Number of protein chains: 2
Amino acid sequence: MVVWERPEPPDRPVPAPLSRERIVRTAIGLADASGLEAVSLRKVAAALDVGPMRLYGYIATKDELLDLMVDAVYAEIRPAGDDWREALTSVAELTRRAAHRHEWLADLIGGRPQLGPNALARGEAVLAALGGVDLDLVMPVVSAVDAYVIGTVRREIAERRAERASGMDQRQWQEAYGPYLVRMFETGRFPALETVIRDAAHLDADQTFRTGLGFLLDGIGAGIRS
Amino acid sequence: MVVWERPEPPDRPVPAPLSRERIVRTAIGLADASGLEAVSLRKVAAALDVGPMRLYGYIATKDELLDLMVDAVYAEIRPAGDDWREALTSVAELTRRAAHRHEWLADLIGGRPQLGPNALARGEAVLAALGGVDLDLVMPVVSAVDAYVIGTVRREIAERRAERASGMDQRQWQEAYGPYLVRMFETGRFPALETVIRDAAHLDADQTFRTGLGFLLDGIGAGIRS
DNA sequence: GACCCTTCGATACACTGTATTGGCAAATAC
DNA sequence: GTATTTGCCAATACAGTGTATCGAAGGGTC
């Protein structure tokens with residue numbers, strides 16, 4: 001039987017009123033504050049003032065806890081919109097925003113099939129808005145948007161972390177990795193890269209995300225209309 | 001100084017002729033055979049018949065080893081093609097195929113900025129083929145394709161693992177997760193999902209990937225022509 | 001031949017996820 | 001009302017992790 005439908009144990013009288021929800025919430029709290037590596041069963045248990053083994057009454061494995069955390073974030077995503085384009089834009093933007101609120105999501109998203117109730121609800125909301133689309137194209141379309149969002153989010157968070165790790169702001173980052181790249185460019189092996197980095201306009205993360213999403217949705221629009 | 005440009009220590013006379021390349025190769029061997037969790041510094045060192053601490057002469061941190069592993073895989077990706085569409089299709093397909101050869105790549109890809117020489121060379125090859133495209137659009141275009149590939153690869157591998165974990169083939173998987181989904185559908189909360197799962201054509205992974213990539217490239221084509 | 005400096009390998013530390021076990025408290029049986 | 005069983009909790013234990021530290025040994029230079 002799967003986590004999602006395995007019932008929680010009945011409420012025990014006193015010692016520490018625990019619940020899957022409380023466990024997941026504190027785990028998310030730790031992860032939000034200090035990243036995924038701050039989420040160990042021991043630390044979660046300590047934050048709940050409870051022995052580590054206690055958690056195994058609610059969870060069979062740490063991976064299940066991570067699954068529950070991801071599904072809890074999916075609960076925050078309620079896509080809206082009437083036509084297919086609005087709905088897909090909405091899931092994409094909301095999912096990305098959720099990942100910005102919970103950076104650790106970038107480490108987990110796409111890493112396991114998401115079949116929790118909130119993930120299913122998110123999918124249901126999207127599919128419901130795609131009623132007018134050819135049934136056989138619905139899955140590829142949604143999968144493509146999901147894949148794009150997963151990939152974008154991971155890259156964005158990875159870059160954000162790299163910047164943060166090497167000082168503070170973007171200037172600091174350029175000071176840390178810039179010299180390395182400069183030396184690489186000086187080898188002359190990457191002329192096209194060099195030109196783009198030096199001469200092209202640099203869109204910020206939001207603009208890049210929307211541009212790429214626009215490409216994808218335009219292509220989808222052309223594909224489902226035929 | 002970054003891994004990529006920090007020189008390897010000079011060859012020591014005898015004890016065990018080690019090199020970053022040998023370390024990375026055996027690490028990749030372990031990961032290919034038994035997944036990323038089989039790559040611990042102790043196990044890599046043992047496979048090289050060497051003490052664990054020995055590796056720290058070539059690597060400052062385990063993350064650096066993982067970076068090197070990813071960059072080694074990027075070396076296998078040499079995109080080809082004359083026009084932008086061929087080149088982008090080529091990177092996408094080759095990257096995906098590389099991830100299928102090295103499933104552990106799905107755990108790492110997009111998780112850190114890829115600035116290793118082989119990753120740069122891959123980027124260079126793509127950008128070189130996009131010479132005809134508006135310079136300010138090149139980065140968003142390449143980023144979008146990369147993001148799509150990263151997301152797809154992660155989802156594919158995640159699904160493949162879930163199937164493998166619960167028995168063997170796809171029928172087995174449906175036996176494991178199917179009943180759970182059936183019970184979820186019986187709640188009546190996911191009618192649209194149910195319809196799609198039951199009635200829509202199910203493309204295989206290759207077809208889904210190509211369909212989505214086609215959408216994206218079509219959209220890009222429309223975007224860069226204007 | 002003596003010194004130093006590098007580098008190697010062993011040991012050590014703090015930490016992880018989880019299996020096992022023993023005890024306690026509540027629920028049941030008589 | 002007592003005896004017994006059951007089920008849960010917490011502590012201990014184990015095998016493993018990444019990496020800091022440190023003593024010893026070896027090669028290169030004077």
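Which residues does B:V149 touch, not counting residues up to four places away in sequence? The model examined here is predicted; local features need pLDDT of at least 70, side-chain atom pairs count only at pLDDT 80 or more, and totals for chains, interfaces and linings use all residues. Residues are numbered from 1 along each chain as its sequence is written, while chains are lettered from A and ligands numbered from 1 in the order in which they are written.

B:V149 touches A:G151, B:A92, B:T95 and B:R96, with residues up to four places away in sequence left out. Two residues are in contact if their C-beta atoms, placed from the backbone, lie within 7 Å. B:V149 sits in helix α7 of chain B. Helices (H or I, at least four residues) and strands (E, at least two) are DSSP runs, numbered from the N terminus. B:V149 counts as buried because it has 27 C-beta neighbours inside 10 Å. A residue is buried if 20 or more other C-beta atoms lie within 10 Å of its own, exposed if 12 or fewer, and partly exposed in between, with C-beta atoms placed from the backbone. B:V149 and B:F209 are 60 residues apart in sequence, yet their C-alpha atoms are 8.6 Å apart in space.

Chain A has 10 helices and 0 strands. From the N terminus on, its elements run α-α-α-α-α-α-α-α-α-α. Of its 226 residues, 36% count as buried. Among contacts in chain A between residues at least 6 apart in sequence, 65% join residues at least 24 apart.

The contact between the chains takes 54 residues from chain A and 54 residues from chain B. On the side of chain A that touches chain B, at least two residues each come from α6 (117-129), α7 (135-165), α8 (170-186), α9 (191-199) and α10 (205-225) of chain A. α7(A) gives the largest share of that side, 19 residues. By class, the side of chain A that touches chain B has 32 nonpolar, 11 polar and 11 charged residues. Ala, Val, Leu, Ile, Met, Phe, Trp, Tyr, Cys and Pro count as nonpolar, Asp, Glu, Lys and Arg as charged, and the others, Gly among them, as polar.

α10(A) has 21 residues. Its first and last C-alpha atoms are 30 Å apart, close to the 30 Å expected at 1.5 Å a residue. The expected span of a helix is 1.5 Å times one less than its number of residues. Buried residues of α10(A) include A:F209, A:L213, A:L216 and A:I220. The buried residues of α10(A) pack against α4 (84-101) and α7 of chain A, together with α7 (135-165) and α10 (205-225) of chain B. In chain B, the 13 residues of helix α6 (residues 117-129) should span 18 Å at 1.5 Å a residue, and its end C-alpha atoms are 18 Å apart, which agrees. Its buried residues are B:L120, B:R122, B:G123, B:A125, B:V126, B:L127 and B:A129.

Two packed helices are described by the angle between their axes and the distance between the axes. In chain A, helix α1 (residues 20-34) and helix α3 (residues 62-74) pack at an angle of about 80°, with their axes 9 Å apart. Axes are lines fitted to C-alpha atoms, for helices over the stretch in contact, and angles run from 0 to 180 degrees between N-to-C directions. α1(A) and α3(A) are therefore roughly perpendicular to each other; that term covers angles of 65 to 115 degrees. A:R20, A:V24, A:A27, A:I28 and A:A31 of α1(A) meet A:L65, A:L68, A:M69 and A:A72 of α3(A). This contact has 8 nonpolar, no polar and 1 charged residues. In chain B, the axes of α1 (residues 20-34) and α3 (residues 62-74) come within 9 Å and cross at roughly 80°.

The surface near DNA strand C was also examined. A residue is near a strand if its C-beta atom, placed from the backbone, lies within 6 Å of it. Of the 16 residues around DNA strand C, A:S40, A:K62, B:G51, B:M53 and B:R54 come nearest. Helix α2 (residues 41-47) of chain A gives the most to this surface, with 3 residues. By class, the surface has 7 nonpolar, 4 polar and 5 charged residues.

Note on methods: Angles under 35 degrees count as roughly parallel, over 145 as roughly antiparallel, 65 to 115 as roughly perpendicular and the rest as oblique.
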